[in-house]
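Welcome! Here is a short briefing to read alongside the sequence and the 3D view.

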Amino acid sequence: MSMHAYRPIDADMPHLRESADWGTDPDSGSRIIRLTSSVAMSNNIYCEQPYGSPDGRRLIIFRTADSLRPHCQLLIIDLEARDTTLIETDVPSESVAHVSWSEWVYYPMHDGSLRRVSLMTMAREEVLPAGSIPAFPACLIDSISSDDRHVIAVEPDGDSYVTSAIDLQSGERQVLIDGPENRNPHPQMSLDDPARLLYQMIVEPKATGEPVRVVLNVRDLVGGEPVRLAVGDPWTAESSGHMAWIANTGRIACAVNWDRQNYCHDPRHPEGNLVHLAPGDERPAVFPAPDFGFYHVSVSRCGRYFVCDDFMHFQSTGPVDGRMGPCRIVIGNFETGKCKTLLRDCQNYGIAGYSRFEPNPYLTADTRYVIYNASPFGTMQVFAAELPDDFLGALD
């Protein structure tokens, strides 16, 4: 059989059980479950737009034998049944579009077609025919509007990068952003109506010694000018590159950089490095957490809580010079300003310049579990940490 010979949409999908209880966190009492155990690398995709079902029961993951090969498996994990279902045997990349905690997950195939799978029923459907989307690595899809109509795609074009919206009804493509600063935009569609696009631009220094600037913008899909968020110089330290919409509130949370050598925060916000704001705010609010260096950020479906991995004592500069310390996972309440460590050390030891090697924690829709990546034995696996019954209540 050809490597690119796809199974029919209605083909049976094999199930396997590969999860195991992993113990409990000694401080919080959180019950930890290792969800995957393959010799290949499994990962939860990312955290800014959680890839779970609306009932909190299922999530979608990728698996690959080698991060340099454009051939991945797409799987669904059932947290209740504790099993894994193989959805696709060969997709071209870890490229998906999903409205946070919604039913459908969209993904491209090697022939340029677009499919989707239901996290509720595991039914698959064809969305766009072959040739509709350039083959990987010429195109990645990263987000989709809450009405499941516009997919956000990013494509390299010489020294530039183009972000566009693909209309799944008409097939038309609208260019939104174009330029060399658009090389890692992290595009995310808002959950409010009308949907807006959050993205970042990487601005290289004009002179030696100047820092790289990370500019965060919000724009409408149709018309209007981008609105820059008050994150980065002169308001805060530069963005870490990780941000997320706060549910459907129209506000955004962003983790900014900190002084990694001295384990403290920027003098402009010594109380913490997780900021949150709405487009048009003159300056962001700062979540008070001086002892934590938050890196990735994800927000609960209700918008009340956030979950972050804490890199204050965990350096991720690479396998050669990386200083590995405990990487905590922390949950906080935006409204009360309280936060608490869920995991003392999530056992992520494999960071090597790829996002799939990072914890990337996110909360399930029912806030029952935190889903994250870890590598206690060197090969990345997907884990779930169950929140103790009184955990969120202690933050309210």
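Predicted model: local features only at pLDDT ≥ 70, side-chain atom pairs only at ≥ 80, totals over all residues.

Residues are numbered from 1 along each chain as its sequence is written, and side-chain values use heavy atoms, with hydrogens and water left out.

**Around S240**

- S240 has a relative accessible area of 14%, so it counts as buried (under 20%; exposed is over 50%, and partly exposed is in between, with a 1.4 Å probe and protein chains only).
- Leaving aside residues up to four places away in sequence, S240 touches A255, V256, N257 and Y295; a contact means heavy atoms within 4.5 Å.
- A255 is 15 residues from S240 along the chain, and 5.8 Å separates their C-alpha atoms.

**The chain as a whole**

- The chain has zero helices and 30 strands.
- The C-alpha trace spans about 60 × 50 × 40 Å along its principal axes.
- Of the 396 residues, 57% count as buried.
- Among contacts between residues at least 6 apart in sequence, 50% join residues at least 24 apart.
- The chain exposes about 16000 Å², and carbon and sulfur atoms supply 50% of that area; accessible areas come from the Shrake-Rupley method with a 1.4 Å probe, and for residues only the protein chains shown count as cover.

**Strand β18 and its partners**

- Strand β18 covers residues 213-220, and six of its eight residues are buried.
- Strand β17 (residues 196-203) pairs with β18 in the antiparallel sense over eight bridges; two strands pair if DSSP finds at least two bridges between them.
- Within this part of the chain, Q200 stands opposite L216 in β18.
- Strand β19 (residues 227-228) runs antiparallel to β18, and two bridges join them.
- N217 stands opposite R228 in β19.
- The hairpin of β18 and β19 has six residues between the strands, and G223 takes a positive phi near 70 degrees there.

**Backbone details to look for**

- Most residues other than glycine have a negative phi, and most peptide bonds are trans.
- The peptide bond from D193 to P194 is cis, with omega near 0 degrees, and P194 lies in the loop between β16 (188-189) and β17.
- Another cis peptide bond runs from D233 to P234, with omega near 10 degrees; P234 is in the loop between β19 and β20 (239-245).
- I45 is not a glycine, yet it has a positive phi of about 80 degrees.
- The loop between β4 (41-43) and β5 (58-64) holds I45, and this residue is buried, with a relative accessible area of 9%.
- T367, also a residue other than glycine, has a positive phi near 50 degrees, and T367 lies in the loop between β28 (362-363) and β29 (369-374).

Notes. Helix = DSSP H or I, 4+ residues; strand = E, 2+ residues; numbered from the N terminus.
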